[in-house]
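Here are my notes from a first pass through the model. Have the viewer open while you read.

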Amino acid sequence: MKVLVIGSGGREHALAWKLADAADVTEVFVAPGNGGTATEPGLSNLAINDLPELVAWSLANHVDLVVVGPEAPLAAGAVDLFRAADIPVFGPTQAAAQLESSKAFSKAFMARHGIPTAAFETFSDPAQAHAYIDKQGAPIVVKADGLAAGKGVVVAMTAEEAHLAVDDMLLSNTLGVTHNADGARVVIEEFLVGEEASFMVVCDGTTVLPLATSQDHKRLGRGDTGPNTGGMGAYSPAPVVTDAVHKKAMEAVILPTIAGMRADGIPFTGFLYAGLMISPAGEVKTLEFNCRMGDPETQPIMMRLSSSLAELMLAGATGQLADVDLAWDERPAMGVVLAAAGYPQAPRKGDLIAGIPASQRDAKVFHAGTTLRDDGCLVSNGGRVLCVTALGDDLQAAKNKAYAMIHDIALDGAQFRDDIGARALA
């Protein structure tokens, strides 16, 4: 098999690395890739960003499977283009990807199909949004309707924070939200108390296979303080997802979502990510849907996957998931993100990176915001630069290994949290 992975982040590095590990995969191309995929054995970067051009290249080079990693090309209709060219492609269509690309669509879908989620209202008028905040009070959650690279959510602990978030998302847009066709909108919803977990499954439109559970840390600072980010670290499995919670997540969230999408005429294929809030009593509500794997959750999950990712994705792309069995390394894994100076508001680029440890059987550094300069030096090229990931006999052992590696890496102004896994290790 020849496989093309579209994207340039840590998620795509991890997926491409795992795809290349399959016995029946001969070549893996990553478009456009990053500094890590440029040097990873078995991978080749492809300097093409245009989707129609990638379709033409895939036809000319007889690509057997296309994997679309990030949300932006999914929302732009990448899967529809490859399907039209009769190329097997893993991911949801543009219509199905609205579960992530439009918070308003997603919340209305959940309300229509009885999927548990926080109470909410949607606004495009700032005055009405401000009046709603004044009526509801804080804490309250403000979400941008369009894509915002994981940073379009403000958990406002005061009314002032909520008002500022509304003005930002509807007026100034300093977060760089990609607005949908209806223009700038915000979803304002109730603040839920509990513990968050990432619940990811693979779907082929009908059959659903759950992946290993995981949990990430979205806030920049220690103790879950500071601004929201795309994720500062993650671990798998997530102890908070007990057997009872897993059952509720499948029966109350995942299966009704897949059935609802099919009933609405937009069957969902690919990775479906449900961000869940698990209450102290074990109740489950849906915070959000993503139409792709989470980042940095992908990295520890891929470290734990023992079966073939290529077989899984090809089956998901061709409606054959019922024939697939997944196998997992029982050991836990942890990934710790090394972020650039100034992240998340204004990440600095172009800083030299040195001291990256060599890959080991149980530990690996996945690249995200990196690139190779013309002189061959590795430099930062984004907010989240690396994800240092390790397996261990227990979570503490995985943590010790990951942090031992991250302390060897030199990057001027680098930021990382020293408490990844705190909830599970408490």
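This is a predicted model: local features need pLDDT of at least 70, side-chain atom pairs count only at pLDDT 80 or more; totals for chains, interfaces and linings use all residues.

1. Everything below is computed from its atoms.

2. Start with the inside. The largest nonpolar core has 50 residues, and L4, L54, V66, F82, I254, F268 and L272 touch the most other members. Helix α10, covering residues 243–263, is the top contributor to this core with seven residues. A separate core of 36 residues lies apart from it, with L211, M303, L312 and L321 among its members. As background, nonpolar side chains in soluble globular proteins tend to be buried together.

3. Setting aside residues up to four places away in sequence, L272 touches L99, F199, M200, V201, C203, I254, T257, I258, F289 and N290.

4. Now the charges. The salt-bridge count comes to 26, and one network links R11, E12, E71, E100 and R292.

5. Which parts of the chain does the R185–D145 pair link? The two side chains form a salt bridge at 3.2 Å, N to O. R185 sits in the loop between α9 and β9, while D145 sits in the loop between β7 and β8, 40 residues apart. D145 counts as buried because its relative accessibility is 2%, under the 20% cut-off.

6. Two other pairs are worth a look. D419 and R417 meet in a salt bridge at 2.9 Å, N to O; D419 is buried at 6% relative accessibility, and R417 is buried at 2%. D21 and K18 also form a salt bridge, with the closest N and O atoms 4.0 Å apart. Here D21 is exposed at 56%, whereas K18 is buried at 9%.

7. D329 is in the loop between α12 and β18. Is D329 buried or exposed? At 18% relative accessible area, D329 is buried, since the cut-off is under 20%. The D329 side chain makes a polar contact with the side chain of R331 at 2.7 Å. Beyond four places in sequence, D329 touches R304, S306 and L391.

8. On the surface, M157, F191 and V193 form a nonpolar patch with about 270 Å² of accessible area together. F191 lies in the loop between β9 and β10 and is partly exposed, with a relative accessible area of 30%.

9. Last, A354 in strand β19. A354 is partly exposed at 41% relative accessibility. Leaving aside neighbours within four places, A354 contacts D408, I409 and A410.

Key
Residues are numbered from 1 along each chain as its sequence is written. Side-chain values use heavy atoms; hydrogens and water are left out. Patches are made of residues with over 30% relative accessible area and no salt bridge: like charges are joined within 9 Å, nonpolar side chains (Val, Leu, Ile, Met, Phe, Trp, Tyr) within 5 Å. Accessible areas come from the Shrake-Rupley method with a 1.4 Å probe; for residues, only the protein chains shown count as cover. Helices (H or I, at least four residues) and strands (E, at least two) are DSSP runs, numbered from the N terminus. Buried means under 20% relative accessible area, exposed over 50%, partly exposed in between (1.4 Å probe, protein chains only). A polar contact is a pair of N or O atoms within 3.5 Å; within protein, one must be able to donate a hydrogen and the other to accept it, and residues adjacent in sequence count only if both atoms are side-chain atoms. Contact means heavy atoms within 4.5 Å. A nonpolar core is a set of buried Ala, Val, Leu, Ile, Met, Phe, Trp, Tyr and Cys residues joined through side-chain atoms within 4.5 Å.
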